[in-house]
Amino acid sequence: MADAPASPKKGNGPQAKNGPSKVTLYRNGSVYTAADPFASAVLVDGDTIAWVGSEQAATSIADSSMDIIDLRGALVAPGFVDSHVHLTETGIALDSLQLGGVRSARELLDAVAASGGNGAVLGHGWDESRWDDPTLPDAGELDRAAGGRPVYLSRVDVHSALVSPSLVASAGLADLDGYAPGHVRRQAHSAARQATRRLPAGALQEYQRRALDEAAANGYVALAEMGAPKISSMDDLRLAAGWNDAAGSGPVPEVLPYWGQLTPTADEAAALLAELGVRVRGFAGDLNIDGSIGSRTASLREPYADAPGETGTTYLSVSEAAAHLAACSELGIQGGFHVIGDAGLDAALQALDEAAALVGEQRVRAAGHRFEHVEMADADAIARLAKYSVTVSAQPAFDAAWGGQGRLYEQRLGSRSRGMNPFASFYSAGVPICFGSDTPVTPLRPWSSVRACLEHHDAGQRISARAAFLGHTRAGWRAARYENPMAGQLVPGAPATFAVWEVDELMVQVADNRVQSWSTDPRARTPLLPALDIGRDPRCLQTVRNGLELFAAEALRG
């Protein structure tokens, strides 16, 4: 849009924070809806979509009792659902040293030295695969740069970290699996992270609010929080779930909580549900079968190309994973795992077979289990995922960051990297798929994530803009087995949950295996989406959940 939207009438549509609901007419824009591919207006009545239609019809229904917002060409679309987040970790990362831009050990040490303050030095995002010289700083260099202060600097994948001698001593890291001077993985990394996360409830809430506000400002209306004992405490998960019922603090995106803890029997799973004291969507998410490619802890069939003696780490046995899935299936709740490597996926699939033998295939399918990441899946694995109706929760920005010639996946895996993140193959086989960021691993930038699906490093695994958008919106609600089947749509009777976007151009992607091409031809009768081949993302003007405003840009207010 060339100009900011005109000032709406007093009330400004869905009420900021906790004010009374109103009838609001958005008009003179574009509405992404299956009800009418040419819709340019939408009527919101309280927490519900009351009507969608044309500008001409909007003129006939507009009256002085309504708040009227002139969109000036903006797009109203279902709000984004991030299917894999870590709220506290994201808030901490946003407020700590930003290390994604450093390109050497020296630059990293300079950032630590310049950090200031008296407490622990926290940082996130370094990625040595992008450095000309991937040599990491040693423990002594970190100690000198920090002036003896404790240092915890998480790698971009948050599966390993650089730590100072003072943190090693205070957290007792030296005797744990995965410890090396200055650099920790596996058990030692989990202990290092938890040592820096022992914070008062008020501090945890502040970090969570920071993450929720960042999400709302980028058009997210819901976030699947992936808590787990190795990451955070039960109290941290309870605080995250509590935002759904918080009064007086202002509305935020809905939190869809998961807890990644092993449940060997149905009785133990039921007891854990009672102990948590909050409703969780399942015992899934970051219950790790393996680790990450970047930290060389993803479990592989064959050794890493750049570390011939290493095949990664398997944290759960097949029998443990099978008992967990069987227990969750008996209770009718989602189970699942963090699984990235091909050997890790082999173990997860064998666990599905064994769980089906224990409780029956139909129970396993009906539970709607979900696996996170699933980056290395061949045709046989994909067919078995489809057989058990397992949802894959994937992160397109991983491919954008690390896929392609000469980048991290190729460095670690060689020719195996070409088969990473097979989105199109999942869709072709009927595997349910939803998308997220794994923030703070990748940022809360939904349109960049949609673009990553269109620009996958393997042209054969690219998917359409429409499929990518649905995977980031409606599919996220479905993957969490959300109660309202109309969530993620803008049709009469659906929740008034959406985002408004300032866009340069709206298009329909044309299916073409040779090139990602676009069309403005209205005969496609497909709702229009922003053109994402122009080098910048649409700008969020407003985010609304159930009729309540979570975020509004100054441009919307005029």
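A salt bridge here is a side-chain nitrogen of Lys or Arg within 4 Å of a carboxyl oxygen of Asp or Glu. Since this is a predicted model, local features need pLDDT of at least 70 and side-chain atom pairs count only at pLDDT 80 or more, while totals for chains, interfaces and linings use all residues. Residues are numbered from 1 along each chain as its sequence is written, and side-chain values use heavy atoms, with hydrogens and water left out.

By that rule, the count is 28 salt bridges. Some of them join up: Asp 127, Glu 128, Arg 130, Arg 155, Asp 157, Arg 296, Asp 306 and Arg 412 form a linked network.

| Pair | N to O distance |
|---|---|
| Arg 412 and Asp 306 | 2.8 Å |
| Arg 384 and Asp 380 | 3.8 Å |
| Arg 451 and Asp 537 | 2.7 Å |

Take the Arg 412–Asp 306 salt bridge. Arg 412 sits in helix H15 (residues 408-413) and Asp 306 in the loop between strand E16 (282-283) and helix H10 (318-331), so the pair ties together parts 106 residues apart in sequence. Helices (H or I, at least four residues) and strands (E, at least two) are DSSP runs, numbered from the N terminus. Arg 412 is buried at 2% relative accessible area, whereas Asp 306 is partly exposed at 31%. Buried means under 20%, exposed over 50%, and partly exposed in between (1.4 Å probe, protein chains only).

What about Arg 384 and Asp 380? Both lie in helix H13 (residues 379-387), four residues apart, or about one turn of the helix. Arg 384 is partly exposed, at 23% relative accessibility.
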